[in-house]
Amino acid sequence: MNKPKILVLGAGYGGIMTTVNLQKMLGRDDAQITLVNKHNYHYQTTWLHENAAGTLHHDNTRIPIDEVINKNKVNFIVDTVKEIKHEDKTVVLEGGDTLTYDYLVVGLGFEPATFGIPGIKEHAFSITSINAARKIKAHIEYMFATYSASKEKRDELLTFIVGGAGFTGIEFLGELANRVPELCKEYDVPREKVRIICVEAGPGALPGFDPELVEYAVNLLERKGVEFKIGTAIKEVQEDGVVLSKGEDMEEVKSGTIVWSAGVQGSPVCEAADIGAMRGRVKVNADMRAPGHDDIFVVGDCALIINEEIDRPYPPTAQIAMQQGVIVAKNIKALINGENTKTFKPDIKGTVASLGEGEAIGLVFGRKYFGGTASFLKKMIDNRYLFLLGGIGLVLKKGKLKFF
Ligand code: FAD
Ligand code: NAD
């Protein structure tokens with residue numbers, strides 16, 4: 001009998017956890033597992049804001065995929081997925097190959113949501129990948145170098161705008177605010193010349209999060225020199241700045257660097273696949289399959305699942321993507337063995353957001369954490385993930401808390 005072909009697209013949290021669990025659960029004769037990813041490394045998206053600000057080298061964030069997969073069981077292909085053709089059960093790669101599958105797992109992650117706002121794609125940066133983070137880091141340094149070397153000393157070169165005070169924006173601000181004093185020293189720039197502005201359309205930072213924790217984060221960031229423009233929306237991004245609106249009032253702010261962190265949507269490849277995606281996200285069945293497609297599972301930021309308690313979608317997070325990877329692997333094994341699939345129920349332990357080295361806020365199992373304790377918790381969470389992915393060896397290699 002032919003072995004069933006399992007094809008996993010994307011080696012983010014969802015895809016890589018599906019793959020390592022499949023390789024644990026299935027023997028070599030049970031299935032043929034193939035993983036396709038754009039790069040030969042997996043990266044921790046949850047650390048990218050540090051790479052973008054330049055407070056953590058990107059090599060700490062990425063993990064060679066060969067180090068976490070068993071090459072005797074998983075065929076790993078470095079290529080970019082171009083198209084999913086569910087009618088003939090194939091996937092077309094940019095390199096020219098076409099792969100066939102019996103079971104498909106779509107874990108292609110997210111892209112920035114631009115909400116049709118003009119100029120974002122052309123002129124703003126977004127923290128989406130190792131390459132994107134490297135570009136932001138290099139650009140920030142270039143702004144400082146250009147300012148120092150120029151005669152006119154244009155203020156906008158040292159004005160950094162962050163669009164959106166969600167968790168990504170707030171975490172990036174924490175790192176940037178820590179990096180700026182170092183850059184000022186390195187490029188002989190007075191600190192007061194630098195402006196870091198956060199523009200948030202909603203009535204406050206981190207909408208919906210615990211107010212006491214939000215206050216702690218905002219106060220800390222303000223003390224480090226971040227200016228918040230709350231209740232203010234970015235309406236347009238231009239080559240040299242942004243157009244803002246607050247109610248009826250419009251304002252233009254000149255800036256050489258706009259980082260757009262005002263929301264995400266699922267992968268455009270998932271959107272184009274005709275498997276029921278809206279803004280790149282498929283509202284999956286209870287067992288993580290795309291409705292009407294019994295052979296297609298969707299994980300991570302490409303999947304939409306509803307929190308029944310509030311009848312709203314769960315925010316897409318690594319925490320959920322990892323858990324989905326485990327259940328999807330189990331469900332594929334069940335299908336291969338002719339058994340019933342299981343329902344995915346997220347086990348939300350809480351949320352911890354970093355605010356720069358040694359600082360964080362967190363709500364874990366209903367308890368609030370601030371400052372150093374929250375920062376320690378965040379590192380423990382990161383280490384737990386590394387342990388689940390690659391055991392103690394990976395924790396020792398890539399972990400943030402070193403025990404030895
Ligand atoms: P991703 O982790 O984005 O991975 C997608 C993978 O697919 C990547 O390897 C990519 O290279 C690959 N890929 C994409 N397109 C293609 C293609 N066409 N062909 C081949 N390969 C492709 N969540 C938390 O729970 N806790 C946090 O602390 C947290 N912090 C965050 C910090 C930042 C700065 C950001 C941006 C997000 C954070 N999140 C956090 C959210 C979390 O990172 C995402 O929900 C999570 O990464 C989604 O996992 P995923 O597997 O869907 O996709
Ligand atoms: P988000 O959707 O959570 O936040 C985006 C913010 O941008 C919102 O506050 C929104 O009001 C604001 N906004 C939208 N349009 C705007 C405009 N035109 N001008 C100004 N502000 C605007 O997006 P995110 O922060 O990128 O997070 C994406 C996902 O990743 C979320 O699910 C989040 O929970 C998760 N995440 C989690 C963590 C963590 O747990 N530590 C860290 C980062 C991201």
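Me: Is K368 buried, exposed or partly exposed?
Reply: This is a predicted model. The relative accessible area of K368 is 33%. Buried means under 20% and exposed over 50%, so K368 counts as partly exposed.

Me: Which residue forms a salt bridge with K368?
Reply: The closest N and O atoms of the pair are 2.8 Å apart. A salt bridge requires such atoms to lie within 4 Å. The partner of K368 is E212.

Me: How many residues apart in sequence are the parts that K368 and E212 tie together?
Reply: K368 lies in strand β27, residues 367–370. E212 lies in helix α7, residues 211–223. E212 is partly exposed, at 43% relative accessibility.

Me: Is R289 buried or exposed?
Reply: R289 meets D287 in a salt bridge, with 2.8 Å from N to O. D287 has a relative accessible area of 9% and is buried. For R289 the value is 12%. Buried means under 20%, so R289 counts as buried.

Me: What is the relative accessible area of K349?
Reply: K349 forms a salt bridge with D347, and their closest N and O atoms are 2.8 Å apart. D347 is partly exposed at 40%. K349 is also partly exposed, and its relative accessible area is 25%.

Methods
Residues numbered from 1 in each chain as written. Chains lettered and ligands numbered in written order. Predicted model: local features only at pLDDT ≥ 70, side-chain atom pairs only at ≥ 80, totals over all residues. Heavy atoms only, no water. Salt bridge = Lys/Arg side-chain N within 4 Å of Asp/Glu carboxyl O. Helix = DSSP H or I, 4+ residues; strand = E, 2+ residues; numbered from the N terminus. Buried < 20%, exposed > 50% of the residue type's maximum accessible area, 1.4 Å probe, protein only.
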